[in-house]
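Hi everyone, thanks for coming. Please have the sequence and the structure open while I talk, and stop me if a term is new to you.

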Amino acid sequence: MNTVSHRLLTALVLTIMVVLTQSHHFMTLYHFPPAAFAVMYLGGFFLKRLSWFVYLSCVVAFIDSLTISLGAAAGAYFSWSYLFMFPAYALLWFAGLWANQQSNHGVMKSGVMTLISFFSIALAEMIASGSFYLLKTPNPHSVSGLIQYYTTWAYQSVESFLFWALPIMTIYYVVKVAAVFIKGGSHQDLMQR
């Protein structure tokens, strides 16, 4: 498959992840956790181009608006704070892009850099939680209130991010290592002939 086919297939898989999971906030026995944050990170890693970021952001916003307008997300509504989700998504996109750029430094180092880039979820959630806390909750606001709000949502965001991103990135690196061993093995076979 060529690069365009790979990117289209990747975009399709990421779109399906969003469509199937974005209608709820939490993982339950009947629902996978929402994949939007992980999709943005994975999109940056695998798709790279900002046009794909715009596309996936539009898909997430469309699914969110559809879910909220149909009443499927109990108690959810749009406010100005929702606009801050896009900088949070962009941060995750660029973290994934950065992790991909580290992949030229060997499998072990790029794997470690990918794990380091996973900490972007904490900052992305701070942007999301901070905006929702400041713009949706009644005054007075306090640092302790922001921290409490953040820790309430951060756990769930990190959990859902790792649920999706960690296995996918692990599979990616296992395949990459296997390819190196296969290529190295066939190279040795050629050298012995």
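Lys48 sits in the loop between H2 and H3. Those labels come from DSSP runs, numbered from the N terminus: a helix is a run of H or I with at least four residues, and a strand is a run of E with at least two. Before I go on, this is a predicted model, where local features need pLDDT of at least 70, side-chain atom pairs count only at pLDDT 80 or more, and totals for chains, interfaces and linings use all residues. Residues are numbered from 1 along each chain as its sequence is written, and side-chain values use heavy atoms, with hydrogens and water left out.

Back to Lys48. Most residues other than glycine have a negative phi, and most peptide bonds are trans. Is Lys48 buried, exposed or partly exposed? With 31% relative accessibility, Lys48 counts as partly exposed. The cut-offs are these: buried means under 20% relative accessible area, exposed means over 50%, and partly exposed is in between, using a 1.4 Å probe and protein chains only.

There is another backbone feature to look at. Asn139 and Pro140 are joined by a cis peptide bond, with omega about 0 degrees. Pro140 lies in the loop between helix H6 (120-136) and H7.

Now step back to the whole chain. How many helices and strands does the protein chain have? The count is seven helices and zero strands. Of the 193 residues, 38% are buried. For contacts, meaning heavy atoms within 4.5 Å, take the pairs at least 6 apart in sequence: 74% of them join residues at least 24 apart.

Because 10 of its 11 residues are buried, H2 is largely enclosed by the rest of the structure. Among those buried residues are Phe37, Met40, Tyr41 and Phe45.

Let's zoom in on Leu42, which belongs to helix H2 (residues 36-46). Why does Leu42 count as buried? Because its relative accessible area is 1%. Which residues does Leu42 touch, leaving aside neighbours within four places in sequence? Its partners are Leu14, Met17, Leu47, Ala165, Ile168 and Met169. Thr10 is 32 residues away from Leu42 along the chain, and their C-alpha atoms are separated by 9.2 Å.

Now for how helices pack in pairs. Axes are lines fitted to C-alpha atoms, for helices over the stretch in contact, and angles run from 0 to 180 degrees between N-to-C directions. Under 35 degrees counts as roughly parallel, over 145 as roughly antiparallel, 65 to 115 as roughly perpendicular, and the rest as oblique.

Start with helix H1 (residues 3-21) and H3, whose axes are 10 Å apart at an angle of about 20 degrees. H1 and H3 are therefore roughly parallel to each other. On the H1 side the contact includes Leu8, Ala11 and Leu14, and on the H3 side it includes Trp52, Leu56 and Val59. By class, this contact of H1 with H3 has 11 nonpolar, one polar and one charged residues. Here Ala, Val, Leu, Ile, Met, Phe, Trp, Tyr, Cys and Pro count as nonpolar, Asp, Glu, Lys and Arg as charged, and the others, Gly among them, as polar.

Next, helix H3 (residues 50-69) packs against H4 at about 140 degrees, with the axes 11 Å apart. That angle makes H3 oblique to H4. Among the residues that meet are Phe53 and Val60 in H3, and Tyr89 and Trp93 in H4. The contact of H3 with H4 divides into 11 nonpolar, one polar and one charged.

Finally, helix H4 (residues 85-101) and helix H5 (residues 107-117) have axes that come within 8 Å and cross at roughly 170 degrees. H4 and H5 are therefore roughly antiparallel to each other. Ala95, Trp98 and Ala99 of H4 make this contact with Met113, Thr114 and Ser117 of H5.

Last topic: confidence. pLDDT is the predictor's confidence in each residue, from 0 to 100. The chain's mean is 86, and 87% of its residues reach 70 or more.
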